[in-house]
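Trainee: I have a structure open and want to learn to read its local features. Where do we start?

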Amino acid sequence: MKIGFIGLGNMGAPMARNLVAAGHDVSGFDVVAPIPDGVTDCKSGAEAAKDADVVITMLPDGAILRRVADEVVPAMKPGAILLDCSTVDVESARAVAGQAEAAGLRALDAPVSGGIGGAEAGTLTFMIGGSDDAFDDAKPLFDTMGQKAVHCGPSGNGQAAKICNNMILGVTMIGTCEAFALADKLGLDRQAMFDVVSTSSGYSWTMNAYCPAPGIGPMSPADNGYAPGFAAELMLKDLRLSQQAAEAADADTPMGRRAAELYTDFVEDEDGRGKDFSAMLPRFEKRGRAD
Ligand code: NAD
């Protein structure tokens, strides 16, 4: 396929490289990042989008996505697919899809899970909102860049699935970390705690697969000085998106709200920025009830 790729940062560059390796003709544009080998270097988003069957965007946020859409939608050929893989607010995803459809294009929101490692290995999970026919046509690209693609319904539903998943992830990480800190203070050995919880009803992905305690469970960022992994500020971004969506939909999400508050403190006022989101454990270790 002929693909335009806009936003070639930490995630976009390896995704574009995998598309080139699979034999696609990829034209790319980024305002800052270098263009990967094998990708045609374009001078603007519109130039990368012109003549493309699919235009993929991998951008920082919804406001930037809206600006890029204003530029590329008029340049795209009729029936082409605007495929946004960024994590953005549901409202921006739906607005951009509406704009694309009004211009005779098709649109998919397809945020990913799996991080930079998944982007490099081509093992991302895509959660997709948009029409059946656009999903079917883009499926070979999801199979190249990822290992799983779940069609979640109409436009915006991919973003909805992403922020609900990451709200659960943020809440369970905090729960796992505070439980380890309590166990420490009760004199319970961390290995014993892991052995019990990982095979009992408190088990979760954060305990079993991504344990925040160094030296316990499978290898995780905790075993590497809490270098990310999944950075605390990216978790904060997703938790804020979940609260923005909850507000718009009048959904009561008290745990998600508290998780967003705790990650805000951690990233903005404590020493969490640049650390993995599991570094909440050393944070809790240092604190007492009065803190
Ligand atoms: P990044 O900042 O490394 O990349 C974004 C790129 O977009 C940058 O290179 C930037 O120069 C470019 N850009 C910004 N404005 C532009 C414009 N107007 N035109 C063209 N290019 C422009 O971020 P990333 O880590 O690659 O993440 C991209 C998206 O993927 C984000 O929405 C993020 O939330 C999501 N995501 C990231 C991860 C991760 O682990 N990094 C995991 C899952 C999802």
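Mentor: With the loop between α9 and α10, where Tyr226 sits. Keep in mind that this is a predicted model.

Trainee: What is the phi of Tyr226?

Mentor: First the general idea. Most residues other than glycine have a negative phi. Tyr226 is not a glycine, yet its phi is positive, about 65 degrees.

Trainee: Is Tyr226 buried or exposed?

Mentor: Buried means under 20% relative accessible area. Tyr226 has 10% relative accessibility, so it counts as buried.

Trainee: And is Asp250 buried or exposed?

Mentor: Asp250 is exposed, with a relative accessible area of 71%. Its phi is also positive, near 55 degrees. Look for Asp250 in the loop between α10 and α11.

Trainee: Which residues does the cis peptide bond join?

Mentor: Most peptide bonds are trans. Here, a cis bond joins Pro228 and Gly229, with omega at about 20 degrees. Gly229 belongs to the loop between α9 and α10.

Trainee: Now helices. Which residues of α8 are buried?

Mentor: Arg190, Met193, Phe194 and Val197. Viewed down the axis of α8, these fall within an arc of 95 degrees, so they line one face of the helix. Their cover includes α7, α9 and α12.

Trainee: What caps the N-terminal end of α8?

Mentor: Asp189 does. One of its side-chain oxygens lies 3.2 Å from the backbone nitrogen of Gln191.

Trainee: Where is the kink in α6?

Mentor: At Ala138, shortly before Pro140. The kink is about 45 degrees. Ala138 is also one of the buried residues of α6.

Definitions and conventions:
Residues are numbered from 1 along each chain as its sequence is written. This is a predicted model: local features need pLDDT of at least 70, side-chain atom pairs count only at pLDDT 80 or more; totals for chains, interfaces and linings use all residues. Side-chain values use heavy atoms; hydrogens and water are left out. The bend at a residue is the angle between axes fitted to the seven residues ending there and the seven starting there. Helices (H or I, at least four residues) and strands (E, at least two) are DSSP runs, numbered from the N terminus. Buried means under 20% relative accessible area, exposed over 50%, partly exposed in between (1.4 Å probe, protein chains only). The arc is that of the directions from the helix axis to the C-beta atoms. Contact means heavy atoms within 4.5 Å. A polar contact is a pair of N or O atoms within 3.5 Å; within protein, one must be able to donate a hydrogen and the other to accept it, and residues adjacent in sequence count only if both atoms are side-chain atoms.
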